Amino acid sequence: MQKTILSFKERPAWLALNNHVNTIRGQSLSKMFETDPDRAESFTIESGSLYFDFSKNLINQETLGFLVNLAEQSGLAEGINELFSGGLVNKTERRPALHVALRAPKSEQIFVDGTNVVPEVHQVLGQMTAFSNAIRSGDYKGHTGKAIRNIVNIGIGGSELGPVMVYEGLKHYSQNNLTIRFLSSIDGTAFVEATAELNPEETLFIVCSKTFTTLETMSNARAARDWLLSALKDRAAVVKHFVAVSTNTEAASDFGIDSSHVFRFWDWVGGRYSLCSAIGLSTMIAIGPENFNSMLEGFHAVDTHFRTAPLHRNIPVIMGLLTVWYSSFLGAQTSAILPYDSYLKRLPAYLQQLTMESNGKSTTVSGKTVDYKTGPIFWGEPGTDSQHSFFQLLHQGTQIVPCDFIGFAESLNPLGSHHDLLIANMIAQTKALAFGKSKESVLTEGTAPWLAPHLTFEGNRPSSVILMESLTPHALGSLVALYEHSVFTQGWIWEIDSFDQWGVELGKSLATKIIKEIESPETSSFFHDSSTRALVRRYKIAREKNLTDSKRIRS
């Protein structure tokens, strides 16, 4: 018999937390550490090479107990089992979200509609491995017989943000004689820059589109085909210079791509969860199959931890519960991601999509309007540059911004004492945020009374630290999996579907109507509001003027 789950605000733990929050507001982190000498140990979890310190968060043991109770009363354990067993956790689209199958070992069995999908996953990984090795060795030749030296990944959303984040994150492991670029925007400037100084004879385009109909991706793919053919003059060249990652083999073939160069993925893989699939082909080419497989092993290690660790010692569960705590009870509207490693410069942008597209929802899975806060805004930049950018607000602003600091014990590029200084800054920031500096301390240092308020830091600003040994492919896989499962934890507790993204559809459908009006000589339709009509009209007038001016200059 299926367990009955109360709605979010009816759960006893929600009621307990709602009463408890005022107790926490009246406490300080300084006092919590003073009264609990073992706090750092009690609020730290280790798993493999992962060290997660959440002791500088605005919680005590009672808070943690209530939060774990909330997870239990939400049926999170059952939700995790449903996720890993191929249940229809994507409720509105009535399908599984089985990204965990993409990094499962061959020995595992994960079923969708009665079929074990793990062999299919490994068949595609084998296809990717063979193709990557052929490119990396130079055995694969372009249309004119030259080896491929340039890879341009064409995709958008998860088909770009995931691969570019991993490529930048693991650039240390990349093959140096290959140029890897990424193209997503429909802006013509993006295309020009992505292809600048590339030799068409040595360039391969990877077109990533599940349906092979995505507007931005296919517009760029057609522009890339024109760019190639303007140089090589032979339509047969497309076969050697384009491959596809898609479920639509027929459309890819119509484009000119050989069916053997269509890399499959499945409708149970969401775009923002797809970087372990064939969407990661450009990454595998860059870092090699061995390193790519090591990344998959890192993902799987956290998958196993998430599936088997008790809720109160489960890192992604605790991460997710902290987000629920700050959003739904303490009113925090944003969260900051602060990686102290320059290779992870694209991680905050990647996590923006992962978290905000997943949990930026105001309707429950049962169709009710939520009356509590979900889906905080995620943002951030690498340290230490970020310290000289927005940390002023983090320390002395009027908003609570929970922060995740991410650091590594070993640098991939040792240079004197640079890495020690980097990590010292990271640790110092967590201490400064938590404990601040009192007005009394400032005055004791001889500061003028009129200036003292400006040099006072109230502290009590929450943060967590994820510390790992070094930025290896395994470590990056583990790190991303932590956030994937944290997002699932949040969505399950909030009763929202973390795997659909209907919010992106309306703007896309309106754009298809507006582009027809822009390209038509007719005046804008009264279907639009007055502002939209005026913008379309203004753009068409300006565009026509520019075209006329350009013709006059050329003549």
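**From a helix pair to the sheet**

In this predicted model, Ile 80, Leu 83 and Phe 84 of helix α5 are in contact with Asp 303, Phe 306 and Arg 307 of helix α13. Sorted by class, the residues of this contact between α5 and α13 comprise 4 nonpolar and 2 charged ones, with no polar residue. Two packed helices are described by the angle between their axes together with the distance between those axes. For α5, which spans residues 76-84, and α13, which spans residues 289-308, the axes come within 9 Å and cross at roughly 140°.

Strands of a sheet pair through backbone hydrogen bonds, in either a parallel or an antiparallel manner. Here, 5 strands form an open sheet in the order β6-β5-β7-β8-β9, and their pairing is parallel. At its edges stand β6 (179-183) and β9 (262-263), each of which pairs on one side only. Strand β5, residues 150-154, runs parallel to β6 and is joined to it by 5 bridges, and across this pairing Asn 153 is opposite Phe 182 of β6.

Helices also pack on these strands. Helix α7, made of residues 158-169, lies across β5, β6 and β7 (203-208), and runs at about 150° to β6. Helix α9, made of residues 215-232, packs on the sheet as well, where it touches β5, β6, β7 and β8 (242-245), while its direction makes about 160° with that of β7.

Definitions and conventions:
Residues numbered from 1 in each chain as written. Predicted model: local features only at pLDDT ≥ 70, side-chain atom pairs only at ≥ 80, totals over all residues. Heavy atoms only, no water. Pairing = 2+ DSSP bridges. Helix = DSSP H or I, 4+ residues; strand = E, 2+ residues; numbered from the N terminus. Contact = heavy atoms within 4.5 Å. Axes fitted to C-alpha atoms, helices over the stretch in contact; angles between N-to-C directions. Nonpolar A, V, L, I, M, F, W, Y, C, P; charged D, E, K, R; others polar.
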